[in-house]
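Colleague: I am new to this one. Could you walk me through the terms as we go?

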Amino acid sequence: MSTHRTGADSTGVEVVLDGLTRRFGDVVALDRFDLTIAPGEMVALLGPSGCGKTTALRILAGLDRADSGHVRVGGRDLTEVPANKRDMGMVFQAYSLFPHMTVADNVAFGLRMRGVGQKQRQARAAEMLDLVGLQTQGGRYAHQLSGGQQQRVALARALAIEPSVLLLDEPLSALDAKVRTQLREEIRRVQVEVGTTTVFVTHDQEEALAIADRVGVMSEGQLEQIAPPEELYTRPRTRFVAEFVGLTNRLPATPDGAAAEILGSQVPLLAGSATAGAGIALVRPESLSVAPSGDGNATVVTRSFLGSLCRVVCELDGGPEVVAQALIEEATDLHPGVRVRVTVSRSPVLVVAGD
Amino acid sequence: MGWRLMRWALLLLFAVFFVVPLYAMLDFSTRQAGGGRTGEAWAALVQDPQLSSAIITSLLLAALTVLGMLLLLLPTMIWVRLRVPKATRFVEFLCLLPLAIPALVIVVGMRNVYTWVNYLISDSALTLTFVYIVLVLPYAYRAIDSALSGLDVKTLSEAARSLGAGWPTVIARIVVPNIWSGVLSAAFISVALVLGEFTIASLTNYENLQVVINLLGKSAARVSVAASLASLIFATVLLMALSYVGRGRRAQEGSLL
């Protein structure tokens with residue numbers, strides 16, 4: 001789906017957020033938050049609302065101030081630099097095109113602020129609109145565009161100033177599902193093309209996993225884990241990450257050293273797992289296999305069709321309900337009420353101490 | 001049929017109610033002592049030095065009040081909206097306060113302040129600008145506030161800031177063009193209010209248009225009525241312009257490129 005590559009010939013700069021703390025009254029929005037982003041890299045900050053991801057982005061943009069900590073971009077300390085001198089392009093969640101200006105004027109606004117001549121502004125605005133596929137819309141006003149088009153123009157406007165860092169604050173959340181998917185691919189294409197270091201804030205895990213080089217999962221003002229999407233999904237380091245990213249089953253487990261016994265199978269443990277005592281294994285649906293069996297350990301409750309896959313919900317004997325994923329052809333006999341055997345694959349799992 | 005008749009009857013009634021006094025003013029102001037018509041009273045509007053100076057004073061007061069009101073109110077309201085939204089209610093309360101205080105009380109309260117204003121700045125009638133700014137605040141606040149409510153000021157100004165605009169640019173180039181109808185409404189209503197203001201000017205012994213009209217009413221009644229009618233027409237034209245503007249100007253067509 002996405003290319004997952006950092007712009008190698010990037011013009012991006014390194015971004016370092018160092019020990020950022022921000023309180024709003026009694027609420028701690030950011031708690032000694034550290035993050036280093038490589039030049040040209042796209043990092044998505046993912047987390048539930050109130051986890052501090054937008055606060056981190058706004059502090060980076062200079063639109064909010066940290067109580068303590070530093071913001072460094074390209075080796076320069078920007079902590080005290082106002083937003084209009086930071087040289088960052090930002091796309092907002094809310095539509096932010098200036099309603100009294102044409103699309104082309106919007107895109108050229110940042111250049112005008114930098115004293116760029118009229119001809120160059122026009123040329124650059126046309127070039128940027130071309131980049132986002134809106135070359136014919138330069139003379140229109142924001143209210144004449146669809147939501148997706150407005151966000152595209154906002155992206156072109158943010159990129160027109162050739163910013164050192166591109167900041168995207170949930171730019172897709174106001175759009176409908178189909179446009180979201182299209183536009184996120186486009187954002188990634190443009191980002192790779194221009195090679196700008198980019199921070200993308202979202203609460204949508206699918207979005208984050210689809211387009212970022214690395215995804216940082218945040219909770220209560222701190223970074224729980226930051227890793228490439230595949231690693232985040234297959235090797236979550238904390239219970240929060242395992243449960244927030246993707247569907248997760250909670251199964252009783254008995255860890256013992258480097259492995260744990262789950263549903264009768266020995267499964268290797270991920271780093272950070274509990275190694276003794278009664279535990280709970282956090283298992284992905286695709287790591288569970290379900291097969292009809294008269295002397296099985298579960299009963300099928302429901303089966304839902306997801307295109308090439310089927311999602312099967314089973315109730316374990318004397319245990320919780322689990323969700324498994326199976327190929328269509330493997331699930332033909334898995335009707336509700338059928339006795340089945342649920343087993344766990346050998347891919348490593350995270351086991352946490354039992355509740 | 002019955003409804004239609006009723007509608008016309010009402011319309012006629014209102015027209016009579018409004019037009020007859022105006023016609024009577026026009027009739028009286030153009031009547032000659034021995035019979036016939038004359039434009040003397042209207043000519044006196046510009047020829048009478050006391051009246052023309054009062055007209056200039058009132059027009060200057062209106063312009064200065066609008067200027068002062070906008071300089072005070074626009075940045076304050078935008079700033080409050082962006083930075084201290086909690087203070088919105090307080091600012092609104094302060095701005096609406098002049099509505100609740102009778103002019104007489106304002107004058108008594110202002111007397112001490114004006115002693116200093118006269119001593120430190122000037123004793124010109126134009127110093128009434130200060131008290132007029134306070135007087136127009138409730139109306140101007142409402143007009144600008146409703147225009148600001150229709151705009152996502154926070155996001156737009158943050159977008160402009162991130163693109164390199166300083167605060168003065170954000171206000172002048174981004175916010176004001178988008179609340180232009182509100183700003184114009186505030187300006188027009190302030191002008192109408194200042195041109196019609198009598199109580200405070202009279203009680204503080206300054207000569208503005210209304211005070212002089214009142215004085216003339218005692219010596220040259222026709223001129224005074226002509227001046228009243230002229231200021232009424234001027235205010236009506238202004239208010240019609242206001243309602244036209246208020247009908248919602250779409251995006252300005254001016255181009256930055």
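Modeller: Start with domains: their bounds come from an automatic or database domain assignment. For chain B that assignment gives domain 1 (1-38) and domain 2 (49-256). This is a predicted model, in which local features need pLDDT of at least 70, side-chain atom pairs count only at pLDDT 80 or more, and totals for chains, interfaces and linings use all residues. Residues are numbered from 1 along each chain as its sequence is written, while chains are lettered from A and ligands numbered from 1 in the order in which they are written.

Colleague: How far apart are the C-alpha centres of domain 1 of chain B and domain 2 of chain B?

Modeller: They lie 32 Å apart. The two domains do touch: five residues from domain 1 of chain B and five residues from domain 2 of chain B take part in the contact. Two residues are in contact if their C-beta atoms, placed from the backbone, lie within 7 Å.

Colleague: What secondary structure does chain B have?

Modeller: Twelve helices and zero strands. Helices (H or I, at least four residues) and strands (E, at least two) are DSSP runs, numbered from the N terminus. Chain A has eight helices and 20 strands.

Colleague: How do you know that the length of helix H6 of chain B agrees with its residue count?

Modeller: The expected span is 1.5 Å times one less than the number of residues. Helix H6 (residues 128-149) of chain B has 22 residues, so it should span 32 Å; its end C-alpha atoms are 31 Å apart, which agrees.

Colleague: What makes B:Leu137 a kink in H6(B)?

Modeller: The bend at a residue is the angle between axes fitted to the seven residues ending there and the seven starting there. At B:Leu137 the kink is about 50°, shortly before the proline B:Pro138.

Colleague: Why is B:Val107 called partly exposed?

Modeller: A residue is buried with 20 or more other C-beta atoms within 10 Å of its own, exposed with 12 or fewer, and partly exposed in between; C-beta atoms are placed from the backbone. B:Val107 has 17 within 10 Å, so it is partly exposed. Its place is in helix H5 (residues 103-120) of chain B.

Colleague: Which residues does B:Val107 touch, not counting those up to four places away in sequence?

Modeller: B:Ile200, B:Leu203 and B:Thr204. B:Val107 also lies 9.1 Å from B:Ala201, C-alpha to C-alpha, though they are 94 residues apart in sequence.

Colleague: How much of each chain counts as buried?

Modeller: In chain A, 46% of the 355 residues. In chain B, 32% of the 257 residues.
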